[in-house]
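Okay, thanks for coming, everyone. I've got one structure to walk through today, so let me put it up on the screen.

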Amino acid sequence: MDKEEADFIVVGAGPAGCAVAARLADAADRPSVCLVEIGPATPSWLSRVPMGIVALVPWRGRHNYAYQTVPQAQLDGRRGYVPRGRGVGGSSLINAMICTRGQPQDYDGWAALGCVGWSWRDVLPVFRRIEDNTRGADDWHGTGGPLPVSDLRSPGPLSRAFVEAAVQCGYPRNDDFNGPRQEGVGLYQVFQRNGRRVDAGSAYLGDGKPRPNLRVLAGAPARRIMFDGQRASGVLVGERHLRARREVIVCAGAIGSPQLLMLSGIGPAAHLRELGIAVLRDAPDVGAHLQDHVDYTANLRVRADGLFGTNPATLARLTGSIGAYRRRGEGMLTSNAAEAGGFIRSGPQVERPDLQLHFCIGMVDDHNRRMHLASGLALHVCVLRPASRGCVRLGGAGVADAPLIDPNFLAEPQDMELLLEGARIVRRILAAPALAAYGGRALHGTGSEDDEGLRALIRAHADTIYHPVGTCRMGADAGAVVDPRLRVRGVQGLRVADASIMPTLVSGNTEAPSAMIGEMAAAFVLADQRP
Ligand SMILES: Cc1cc2nc3c(=O)[nH]c(=O)nc-3n(C[C@H](O)[C@H](O)[C@H](O)COP(=O)(O)OP(=O)(O)OC[C@H]3O[C@@H](n4cnc5c(N)ncnc54)[C@H](O)[C@@H]3O)c2cc1C
């Protein structure tokens with residue numbers, strides 16, 4: 001392959017970009033594909049060990065941008081934390097590995113907005129095709145796909161106690177959130193094989209298939225998309241001009257994709273001019289419509305077998321578990337920390353789950369950035385379909401300038417009311433017999449605040465549970481950034497395909513949906529090439 005030229009250039013190697021690159025490279029005519037990724041080519045050992053998440057998320061590092069938000073008015077003016085993965089694998093290098101897809105109504109809602117081809121009937125076969133589920137294939141699940149989906153090898157006793165406690169509160173048990181019914185509580189399935197994390201890069205590109213027509217350019221920041229007139233002709237990567245003979249596909253994620261479009265002159269004109277960027281196309285929706293799952297975490301100090309903490313006892317257990325992990329892929333190192341959870345309705349009048357729970361076998365205070373010399377547990381609750389909308393703007397005219405991220409959390413009062421109801425539910429579950437048996441003391445507050453007190457706790461502690469989307473929204477309307485075939489409106493030869501294109505946030509975790517979007521994009525690209 002000519003090193004400065006390829007048929008397709010894919011920018012960003014998260015779950016979506018890896019899916020796009022692999023599927024294009026596997027196409028019948030074997031087009032040349034160049035996958036450009038700013039971060040490293042291979043995952044660190046910490047990323048391969050599932051429990052490594054507790055060290056990967058809190059700090060900036062080779063796999064984590066560790067951005068922060070602008071001050072959030074509804075969160076006491078605090079800046080939120082925005083961990084984002086970097087490297088081949090993207091955020092799947094540092095995420096909690098939970099495999100859920102959202103609800104059928106999410107995708108049917110996209111179709112109702114005019115996004116033809118994105119209904120649940122359209123995307124379910126793709127979800128089935130991308131997975132290799134250890135439980136086998138049926139109408140809802142697939143085998144033989146790139147992404148391994150497994151049950152946790154060694155879930156802790158407290159995760160099972162959480163499920164019991166939630167059942168005692170009247171929530172249905174559910175052993176399969178990706179089956180016919182999402183609602184209920186249970187243990188999550190994870191992107192793991194034999195107890196090891198399988199990030200999307202390893203899944204899609206490390207499958208042993210020879211792909212001489214695919215070149216992965218890691219450690220390579222895409223600074224700008226180049227244009228011949230209105231047609232994307234290539235990408236400026238570092239100091240090099242890479243030419244795309246056919247198309248450029250931007251898969252840089254919900255933060256990186258609007259950033260790259262704006263650096264390339266596609267975005268809100270006034271904002272671009274402020275930074276001295278020549279405007280190619282005034283596109284106000286680039287960076288707008290940021291949506292994220294706003295989350296409140298109740299932490300309890302608890303002493304019990306199987307719980308984690310920053311203390312000598314946990315360290316001793318971790319050291320003792322290395323053998324089991326190495327030999328059999330079992331033990332506490334295989335834990336994804338957020339082992340259990342579920343999808344619940346905030347009240348009987350609500351038609352489908354509007355809250356998600358994540359139960360962690362350790363305390364998670366400020367994303368684990370604040371550590372405590374005690375063991376404990378955390379129960380997260382997040383708003384599945386927030387009404388608040390925020391935005392991503394440039395923090396400077398270079399790719400290394402951290403973007404200004406404003407999720408605008410809880411700007412819409414209904415999000416606060418729903419999160420408050422979620423916090424009440426969390427309290428009830430923590431107090432149900434199966435968990436109450438372990439005792440425990442609230443890390444923040446007294447554990448018995450009234451609604452005003454709970455609101456104050458939410459303002460003091462709520463933040464993201466890491467699912468930003470919507471910043472290059474897909475739609476049939478002229479204002480949408482991409483059309484339903486993911487082509488950027490107003491220019492040629494350019495698509496966006498990743499979490500940023502979601503018109504509305506799906507009701508669940510976003511890795512599988514992002515990979516699905518990558519698969520859809522590759523199919524559109526290939527179909528559109530046909531004469
Ligand atoms: C801490 C954390 C926990 C999470 N837990 C879960 C979970 O348990 N389950 C789940 O389903 N989802 C989870 N998610 C969300 C999920 O990982 C993301 O939604 C998903 O990875 C998004 O995929 P993507 O392809 O859109 O982008 P990303 O995964 O963000 O990848 C984008 C890639 O583009 C690269 N890039 C950006 N800009 C440039 C540029 N200019 N040049 C070159 N490369 C560039 C980045 O380095 C990155 O590698 C979590 C996320 C985080 C951060």
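Let's start at the ligand, where a backbone N or O atom of Ala499 lies 3.0 Å from one of the ligand's oxygen atoms. And how much of the ligand's accessible area does the protein cover? On its own the ligand has 1,000 Å² of accessible area, and the protein covers 97% of that. Just keep in mind that this is a predicted model.

Ala222 uses a polar backbone atom, which sits 2.9 Å from a nitrogen atom of the ligand. With Asn95 we're looking at the side chain: an N or O atom there is 3.0 Å from a ligand oxygen.

Now zoom out to the shell. There are 39 residues around the ligand, and the ones that come nearest are Glu37, Tyr65, Ser91, Thr510 and Glu511. If you sort the shell by class, you get 21 nonpolar, 13 polar and five charged residues. As for helices, H1, residues 15–25, and H15, residues 511–529, each supply at least two residues of that shell.

Next stop, a histidine. His271 is in helix H9, which covers residues 269–274. Is it buried or exposed? His271 counts as buried, because its relative accessibility is 11% and the cut-off is under 20%.

So what does His271 touch, leaving aside its neighbours within four places in sequence? It's in contact with Met262, Arg393 and Leu394. Take Arg393: it's 122 residues away from His271 along the chain, yet their C-alpha atoms are separated by 8.0 Å.

Okay, over to you.

Note on methods:
Residues numbered from 1 in each chain as written. Predicted model: local features only at pLDDT ≥ 70, side-chain atom pairs only at ≥ 80, totals over all residues. Heavy atoms only, no water. Helix = DSSP H or I, 4+ residues; strand = E, 2+ residues; numbered from the N terminus. Buried < 20%, exposed > 50% of the residue type's maximum accessible area, 1.4 Å probe, protein only. Contact = heavy atoms within 4.5 Å. Near = heavy atom within 4 Å. Polar contact = N/O pair within 3.5 Å; in protein donor to acceptor, adjacent residues only side chain to side chain. Areas by Shrake-Rupley, 256 points an atom, 1.4 Å probe, with all protein chains shown as cover. Nonpolar A, V, L, I, M, F, W, Y, C, P; charged D, E, K, R; others polar.
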